[in-house]
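My notes are below the view.

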Amino acid sequence: MAPDSEFAFELRVCQWAERAWEPADGSGAFVARQLGTKHRRWDTVVVECDPDGLRERAKFGAEAFDSDLLHVLRNAPADWTYYRDALPDPGYPWRYVRESIHEAADRDALDTRKRGNRIQIRRVRPYPDWLRRIVAIENKPDLTASAARDLAPQLERDVALSLADEVWVATAATGERVEPVLLTDMPAAAGVLTVDPERGTADEVWQPRSLSVDDPGTRILDRPADDHSAARFEYVDPDWKRERRLAIAERAYERGWRAYADTMRPDCRHFQLRADETGVYPYCAAKERVPRVAECRGACPSYEPEPPAWRSMGWPLDGGPGGAIKRLLDRRRRRQRPGLQE
Ligand code: SF4
């Protein structure tokens, strides 16, 4: 079924990436969508990782660790140590570190004990070095000249900051000999994917440059419309980049790209999962298409809760078809994360 919205196209790109993305060096990979920083959200994110490291990461469970928790876990000592002696100065008040220590202990990711008034910590296991590369893909199914003009500065910002290792634009294939996207003003460092959304395939028609994620980045704050005034920018520290990259990878690990079921209404009687050669996708029987995230809500005029009888006729009691859809999507996400309990 041909996608008729950016969301439907985005799911096609995620499905393709999950099926066909091949990291160069034997890394594993998984896919997530709608992740990034406060300033920038990427549509599709491919996280390439060390396969053994990924299995070790799975021992910490499916839930993401934020930057504060990562600071504790990555510096936790092998032997009991007063936490202020074990951890580097976080650059923010120690009371927040104590909160993170308690949260990590509640998640069985850290051992803690009290000696006198002092909290001592000890790692349960080393937090692994599992992240290798982050690939960001911007989805623009219909890349008109004006959409391309809007997109080019965003990609320039991505290239200047170099938070992701590669930046791509994915657009629908037009079948023309020279894809129009190649004739636009895209930065040469960004790659171009042309996607056949009906067959769920993609061609890499322009290779991106690998970005310098370990070097300082440049955040472009303000780019004047005319060429005569200077742009405003600030330098971004490599440590900040390293920390943000791992936090993004952690979020991607938890969410994947099937988390749409958490914000849509799989408990609506019209919500279905359908499958074709491109993969499994959500479908609204009332609208006869892939529902958009913004419309598939309780306020949707066609929303009808699944009848209570559905919850007892052969469906597990905890949720009916809507709950079963969520569990199915969750199982599929877990399959991409080796070592996680089903
Ligand atoms: S009818 Fe509305 S709420 Fe129900 S599945 Fe369709 S879009 Fe979602």
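These entries go from the whole chain to single residues.

**Ground rules**

I am working with a predicted model: local features need pLDDT of at least 70, side-chain atom pairs count only at pLDDT 80 or more, and totals for chains, interfaces and linings use all residues. Residues are numbered from 1 along each chain as its sequence is written.

**Whole protein**

I looked up the secondary structure first. The protein has nine helices and 13 strands. Helices (H or I, at least four residues) and strands (E, at least two) are DSSP runs, numbered from the N terminus.

I then checked the overall dimensions. The radius of gyration is 23 Å, close to the 20 Å that the globule rule gives for 342 residues, so the protein is as compact as a globular protein of that length. That radius is taken over C-alpha atoms, and the globule rule is 2.2 Å times the number of residues to the power 0.38. The C-alpha trace spans about 70 × 70 × 40 Å along its principal axes.

Burial came next. Buried residues are 32% of the 342 residues. A residue is buried if 20 or more other C-beta atoms lie within 10 Å of its own, exposed if 12 or fewer, and partly exposed in between; C-beta atoms are placed from the backbone.

I also looked at contacts, meaning two residues with C-beta atoms, placed from the backbone, within 7 Å. Of the contacts with a separation of 6 or more, 63% join residues 24 or more positions apart.

**Six-stranded sheet**

I traced an open sheet of six strands in the order S1-S2-S6-S7-S8-S9, with mixed pairing. Strands count as paired if DSSP finds at least two bridges between them. S1 and strand S9 (201-206) are the edges, each pairing on one side only. From one strand to the next the twist averages 30 degrees.

I zoomed in on S6 and S7. They pair in the parallel sense over five bridges. Asn139 has Ala170 in S7 as its bridge partner. Helix H6 lies across S6 and S7 and runs at about 155 degrees to S7. For such angles, axes are lines fitted to C-alpha atoms, for helices over the stretch in contact, and angles run from 0 to 180 degrees between N-to-C directions.

**Nonpolar cores**

Which residues touch the most other members of the largest nonpolar core? I found Val45, Val47, Trp168 and Ala252, out of 49 residues. A nonpolar core here is a set of buried Ala, Val, Leu, Ile, Met, Phe, Trp, Tyr and Cys residues joined through C-beta atoms within 7 Å. Elements that each supply at least two residues include helix H1 (6-20), strand S2 (41-49), strand S7 (166-172) and helix H7 (238-255). H1 gives the most, with eight residues.

I followed Trp168 further. Leaving aside neighbours within four places in sequence, Trp168 is in contact with Val135, Ile137, Ala190, Gly191, Val192, Leu193 and Pro208. Another core lies apart from the largest one; it has 15 residues, among them Phe60, Leu69, Ile101 and Tyr127.

**Three-stranded sheet**

I found an open sheet of three strands, ordered S3-S5-S4, with antiparallel pairing. Strand S3 (81-82) and strand S4 (110-115) are its edges, each pairing on one side only. Helix H5 (residues 94-106) packs on this sheet, touching S4 and S5, and its direction makes about 120 degrees with that of S4.

S4 and strand S5 (residues 118-123) run antiparallel, joined by six bridges. The two form a hairpin with two residues between them, and Gly116 in the turn has a positive phi of about 65 degrees. Arg115 stands opposite Arg118 in S5. Thr112 has Ile121 in S5 as its bridge partner.

**Single residues**

Is Ser162 buried or exposed? Ser162 counts as buried, because it has 22 C-beta neighbours inside 10 Å.

Glu288 is another non-glycine residue with positive phi, near 55 degrees. Its loop runs between strand S13 (279-284) and helix H9 (320-335). Glu288 is exposed, because 9 other C-beta atoms lie within 10 Å.

I finished on Arg265, in the loop between helix H8 (260-263) and strand S12 (271-276). Arg265 is buried, with 23 other C-beta atoms within 10 Å. Not counting residues up to four places away in sequence, Arg265 touches Phe271, Cys296, Arg297, Gly298 and Tyr303. The C-alpha atoms of Arg265 and Pro291 are separated by 9.8 Å, and these residues are 26 apart along the chain.
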